[in-house]
Amino acid sequence: MAEGGGSGGSGRGPPCPGAASAFRRWEQLRRRAATPWARGLLAVAAGLGLLYAVLRVPVRLRDGLAAATMFLSTLTPKFYFALTVTSSFISGLIFVFEWWHFRKYGTSFIEQVSVSHLRPLIGGAENSPPAPAAFSAGENETSRQNMPECKVWRNPLNLFRGAEYSRYMWVTGKEPLTYYDMNLSAQDHQTFFTCDTDVLRPSDTVMQKAWRERSPQARIKAAYQALELNNDCATAYVLLAEEEATTIVDAEKYFKQALKAGEMIYRKSQNCHSQSPQHEAQLRRDTNVLVYVKRRLAMCARKLGRIREAVKMMRDLMKEFPLLSMLNIHENLLEALLELQAYADVQAVLAKYDDISLPKSAAICYTAALLKARAVSERFSPETASKRGLSTAEINAVEAIHRAVEFNPHVPKYLLEMKSLVLPPEHILKRGDSEAVAYAFFHLQHWKRIEGALNLLHCTWEGTFRMIPYPLEKGHLFYPYPSCTETADRELLPTMLALLTHQFPELMVTFVKAMIVLMIPFLMFSEGFRKPVLRVLWPVSAPSVLASS
């Protein structure tokens with residue numbers, strides 16, 4: 001205890017003499033190694049070692065190559081024959097297993113293992129599905145790719161509120177548009193037709209309030225107030241053309257006035273857009289107004305039968321504003337060219353826009369299928385094809401139809417008149433039932449014009465689901481079908497069928513009536529029996545239902 005206290009309370013004895021001497025020797029060696037001559041000696045030794053390694057590696061490689069050459073020279077033909085047979089046998093087993101797995105589960109076993117297990121190990125990840133682009137001139141390609149799967153798009157062929165939607169409501173007393181759809185349009189108008197500098201101009205301030213009004217009468221009244229303040233208010237003419245005009249001719253007159261005012265304002269904005277960020281925002285707004293007006297004027301010409309004039313206006317608009325491809329003006333051009341039966345021009349447009357890097361649509365996929373079907377549909381016969389097999393052109397047509405059906409499986413039932421059409425909404429959901437309604441509403445006549453095209457579609461479209469038996473889990477040419485489309489389409493499409501332009505076939509009518517009579521008692525008491533009947537009456541059907549049909 002006394003010794004412990006004499007050591008300063010550390011609780012340890014004196015250091016070992018052997019350790020102290022070893023430590024002193026180490027310090028001497030470290031000081032000597034720090035001298036310049038010692039460092040030079042170490043550098044020379046390291047260089048000699050590196051030189052030996054560099055010279056030794058080629059010698060060892062030469063020895064290894066000589067040994068491998070000697071080994072291969074001693075192999076007999078029997079060895080190569082056995083190696084070939086063994087590798088062929090293993091490859092055959094893998095092929096048979098892959099074929100069995102694909103027939104049973106509809107997926108490749110090797111691909112499934114590589115995607116599910118190997119890719120996470122090497123740090124990879126599946127690319128997220130490309131989402132639809134928004135109807136906005138200010139968004140770039142990166143933001144469009146990161147959007148959610150079920151984001152809606154502006155319908156490029158949407159009808160006119162006053163001249164078409166409202167006229168139908170006056171005749172039938174039914175509202176053709178849902179509140180959700182009209183609310184999206186109001187948001188679009190506020191985004192495209194307003195900017196921060198509107199507070200500096202009284203007429204634009206009035207129009208800012210007009211786009212927020214829920215009542216059509218209030219919006220029209222505000223538009224007239226804006227014109228009293230400024231007779232060159234282009235957005236006021238746009239609102240009157242969309243909502244007050246009761247005919248396409250009246251709408252075209254308003255749009256021509258809007259074009260005159262819009263071009264004048266656009267030129268002024270171009271001269272001063274570099275002065276401040278506010279002026280740049282005003283130029284974007286004026287650009288949106290001008291593009292919108294020119295597009296609607298082209299649509300008026302198309303509806304009034306001046307199709308060649310409409311095609312020219314659309315082509316000029318696409319050349320003048322090439323960066324606004326997200327507005328999908330090419331879909332308006334495709335429909336007009338199909339009406340002219342200018343199939344070579346249609347193919348040229350598809351060659352530019354049916355690209356792997358661009359978002360797809362039902363108009364793109366089904367128009368491509370229509371052109372390939374046109375080459376073989378007139379002479380196509382299921383009986384003859386089953387006997388002699390499909391030709392190369394027929395195979396290409398069938399593959400194009402399968403591609404289109406995989407993208408949007410709802411379209412064939414509308415084209416084949418197995419489901420009734422409604423007025424297309426102002427917004428659509430890509431790959432959804434709303435997109436199918438909008439496409440068939442305008443393009444059914446083009447399919448009917450080509451002899452045998454609908455017959456080829458009828459004979460081949462259901463074969464898509466033999467290739468992809470589980471479309472919600474795995475796709476073939478596209479990503480798996482999104483499961484959220486049915487809910488979103490219920491918000492876009494009206495509750496009741498607005499326009500029965502095409503009736504069900506006679507057999508389907510009988511079946512529907514029988515199902516309604518049988519299910520009415522159960523619908524009163526059971527929630528579970530409501531869905532089957534709604535799937536027959538409601539113009540929205542899930543891919544699983546299509547696959548089973």
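Student: How do you know that the side chains of Glu 339 and Arg 302 meet in a salt bridge?

Tutor: The N to O distance is 3.6 Å, and the rule asks for a side-chain nitrogen of Lys or Arg within 4 Å of a carboxyl oxygen of Asp or Glu, so the pair passes. It links distant parts of the chain, with Glu 339 in helix α15 and Arg 302 in helix α13, 37 residues apart. Helices here are DSSP runs of H or I with at least four residues, strands are runs of E with at least two, and both are numbered from the N terminus. Bear in mind that this is a predicted model, where local features need pLDDT of at least 70 and side-chain atom pairs count only at pLDDT 80 or more, while totals for chains, interfaces and linings use all residues. Numbering starts from 1 along each chain as its sequence is written, and side-chain values use heavy atoms, leaving out hydrogens and water.

Student: Why is Arg 302 called buried, and what is Glu 339 called?

Tutor: Buried means under 20% relative accessible area, exposed over 50%, and partly exposed in between (1.4 Å probe, protein chains only). Arg 302 sits at 17%, so it is buried. Glu 339 has 22%, so it is partly exposed.

Student: What other salt bridge does Arg 302 make with Glu 335, and at what distance?

Tutor: Their side chains meet at 2.9 Å, N to O. Glu 335 is in helix α15 and Arg 302 in helix α13 (residues 277–303), so this bridge ties together parts 33 residues apart in sequence. Both partners are buried.

Student: How many salt bridges does that rule give?

Tutor: The count is 20. One of them pairs the side chains of Lys 312 and Asp 316 at 3.0 Å, N to O. These two are 4 residues apart in helix α14 (residues 307–320), so about one helical turn separates them. An α-helix has 3.6 residues a turn, so residues three or four places apart point the same way. Lys 312 is exposed because its relative accessible area is 55%, while Asp 316 comes out partly exposed at 36%. Elsewhere, bridges that share partners join Asp 198, Arg 201, Asp 204, Arg 285 and Asp 286 into one network.

Student: What makes Val 346 buried?

Tutor: Its relative accessible area is 0%, so it falls under the cut-off. Val 346 is found in helix α16. Contact means heavy atoms within 4.5 Å, and by that test Val 346 touches Leu 334, Leu 337, Leu 338, Thr 367 and Leu 371, not counting residues up to four places away in sequence.

Student: How do you know that the length of α17 agrees with a helix?

Tutor: The expected span is 1.5 Å times one less than the number of residues. For the 13 residues of α17 (residues 362–374) that should give 18 Å, and the end C-alpha atoms are 18 Å apart, so the two agree.

Student: Why is α17 called mostly covered?

Tutor: Of its 13 residues, 11 are buried. What covers them includes α15 (329–340), α16 (343–353), α19 (392–407) and α21 (433–449).

Student: What makes a nonpolar core, and which members of the largest one touch the most others?

Tutor: A core is a set of buried Ala, Val, Leu, Ile, Met, Phe, Trp, Tyr and Cys residues joined through side-chain atoms within 4.5 Å. Of the 102 residues in the largest, Met 207, Phe 255, Tyr 366, Leu 415 and Trp 447 touch the most other members. Apart from it lies another core of 7 residues, among them Tyr 165 and Leu 423.

Student: How do you know that Phe 89 is exposed?

Tutor: Phe 89 has 54% relative accessibility, so it counts as exposed.
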